[in-house]
Amino acid sequence: MNIILDFFRGQDGFTVLSIYHGTLRLVLPLMALLIVFRSARSLLGFRREPEVWAWLRLATGELLPVTHWENLMGRKKSADIVLNFATVSKNHAVLTRLDDGGWSITDIGAKGKLEVNGRRVLSGPVNYGDRISLAGLEMVLEPVSRQEAKLQADSRTKAGKGNSPGLTLLLLTLFQLLVTVELILNRTEDRVTIMTSFGILICIQWILFFGQKLIRRSGFEVETIAFFLISIGLGICGAGNPGEMYKQLISMGIGIAMFLGLGFCLRDLETAKRLRYLAAGFGVLLFLANLALGRTINGSRNWIFIGGFSFQPSELVKLCFILTGASTMDRIVTRRNLLAFVFYMAFIGACLVVLNDFGSAAIFFVGFLAIALLRSSSYPSGMLVLVGVGMMAVLVLAAVLAIEHFPHVADRFSGYGHVWEHPFDNKGYQQTHSLMCIAAGGLFGLGLGKGWMRYMAASDTDLVFAYVCEEWGLIMGVLMIFALAMLGLFVVRSSKVARSSFYTIGATAAMSIWMVQAILNVFGTVDFLPLTGVTFPFVSNGGSSMMSCWAMMAFLKACDTRQNASFAVKLSTKGGDRG
């Protein structure tokens with residue numbers, strides 16, 4: 001091995017090495033494009049047919065399909081089951097499918113009575129054949145026939161059909177091996193660390209792939225995109241600071257464990273909903289610990305150090321926040337749960353303002369709005385949005401005060417939009433040099449380890465987009481953005497036919513947080529927005545961010561409605577998704 005490396009570095013091997021690097025600069029972006037394209041085609045090529053889980057037969061004989069696991073019933077046009085009768089309230093009741101296949105119905109404060117078999121109920125079970133009355137409008141709950149269930153299962157898009165996830169993962173593995181070779185050719189030290197790190201990454205992704213195959217799951221595109229983005233980030237670590245590679249891999253391992261654990265919890269919706277109390281309490285404890293033990297770095301007191309390790313509590317609170325918000329979907333129309341969620345968000349916002357972490361505050365705010373806008377009742381939606389607007393006003397006021405009292409915040413805002421006037425001070429040094437490095441990288445980059453960005457502070461975290469563009473090329477930088485955007489489009493398409501509001505809200509909130517992080521990271525680097533110091537999901541160097549991203553990805557998997565695609569959905573005894 002050393003003889004080969006010495007030959008490439010010697011005079012005799014100069015021409016061979018130059019040709020190799022020139023070829024690799026072209027091959028790596030093309031391989032990345034193929035990996036992302038195959039994943040996108042598989043994820044976005046599914047049919048979006050709604051599934052019918054039961055029928056409601058009106059007294060007139062008309063059949064109304066029940067197409068979700070939680071269904072808002074009422075006169076409102078946006079209701080899941082529209083009952084256009086004058087006596088029915090706009091938001092009258094919620095019909096919910098239980099995890100064991102049974103049903104329950106809940107009155108959500110309608111003016112007219114809710115009755116089951118002539119008995120007044122506020123919340124209770126409903127069996128097939130029971131007579132439901134909403135303010136005098138009667139209907140009967142009926143099951144779908146076996147033939148209908150079979151036709152639905154047979155017509156559902158099968159994950160990976162015509163576009164094997166295994167072949168895509170094989171292409172990603174070849175991509176990772178070429179990155180490893182380029183790194184060890186460009187460095188005279190840390191070769192063992194680089195080879196070992198990428199070897200561990202390759203082993204983990206294949207173990208996870210075959211593990212899901214063993215439980216008869218065929219969808220691996222979401223994980224492939226995550227591993228692709230991690231490969232870019234690990235390549236950046238290998239080029240600039242190989243000592244960080246093991247830390248990233250350890251964080252990734254913990255994140256995958258959280259991803260699998262949460263994914264299996266999501267298989268039982270009732271269990272997942274009960275976790276909201278634990279999640280909310282854990283989030284509060286994390287922030288209280290942050291307020292008591294937090295250490296200030298770059299003006300933000302959002303770090304806790306334990307021994308030789310450090311983490312950002314706000315990254316883990318994102319998971320608690322999403323789980324708490326999503327799991328209240330069947331009860332948030334009640335005043336008690338609505339106010340509880342509002343106060344929880346207010347507590348998070350207040351803690352972030354005290355900690356002077358306005359980037360995270362903006363991310364949580366967008367996640368809050370995503371949950372608010374997915375509410376099915378006009379009153380809670382309106383109240384949540386109003387509270388959100390009020391919280392935004394508070395954040396703006398706090399930011400103005402921070403500009404006046406914290407020099408680093410003032411520098412970022414005062415330099416925004418005209419950084420070229422301040423290329424050598426704190427107002428514009430990072431952005432101007434980042435822009436120059438992006439331009440220097442061109443379309444195909446200078447090569448791993450050959451750029452200047454690695455000498456810049458926060459180059460592998462806040463400014464990682466510029467780092468990738470300089471060494472990998474603009475094509476690779478755009479591809480990592482497209483890969484994330486493709487996941488967002490997949491969530492939007494899946495949410496329209498999602499079985500549960502829990503899955504819809506969780507996946508949409510997680511994806512909203514990722515997209516806002518990416519926007520703040522990229523736009524802050526190129527001076528489209530003030531530099532806020534947030535990470536790019538999966539790519540930026542940071543253990544807390546890596547763990548948080550993997551855990552939140554469980555919500556994306558749960559939202560996947562393709563046949564046998566998600567381990568977060570139970571299989572029936574016949575091997576198909578449980579219906």
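Reader: α6 and α18: roughly parallel or roughly antiparallel to each other?
Author: Roughly antiparallel, a label for angles over 145 degrees on a scale from 0 to 180 between N-to-C directions. This is a predicted model, where local features need pLDDT of at least 70 and side-chain atom pairs 80 or more, while totals for chains, interfaces and linings use all residues. Numbering starts from 1 along each chain as its sequence is written, and side-chain values use heavy atoms, without hydrogens or water.

Reader: What angle do the axes of α6 and α18 cross at?
Author: Roughly 160°, and the axes of α6 (residues 221-240) and α18 come within 11 Å. Helices here are DSSP runs of H or I, at least four residues.

Reader: Which residues make that contact?
Author: From α6, Val222, Glu223, Ala226, Phe227 and Ile230; from α18, Met546, Trp550, Met553, Leu556 and Lys557. Contact means heavy atoms within 4.5 Å.

Reader: How many are nonpolar?
Author: The contact of α6 with α18 has 8 nonpolar, no polar and 2 charged residues.

Reader: New topic. What about α9 and α18?
Author: Helix α9 (residues 313-326) packs on α18 (residues 543-558) at about 20°, with axes 8 Å apart. That makes α9 roughly parallel to α18 (under 35 degrees).

Reader: Left-handed or right-handed crossing?
Author: α9 passes α18 in a left-handed crossing, with the near helix turned anticlockwise from the far one by less than a right angle. The α6 and α18 crossing is right-handed (clockwise).

Reader: Which residues of α9 meet α18?
Author: Glu315, Lys318, Leu319, Ile322 and Leu323. In α18 they meet Ser544, Ser545, Ser548, Ala551, Met552 and Phe555. The contact of α9 with α18 divides into 6 nonpolar, 3 polar and 2 charged residues.

Definitions and conventions
Helix = DSSP H or I, 4+ residues; strand = E, 2+ residues; numbered from the N terminus. Parallel < 35°, antiparallel > 145°, perpendicular 65-115°, else oblique. Nonpolar A, V, L, I, M, F, W, Y, C, P; charged D, E, K, R; others polar.
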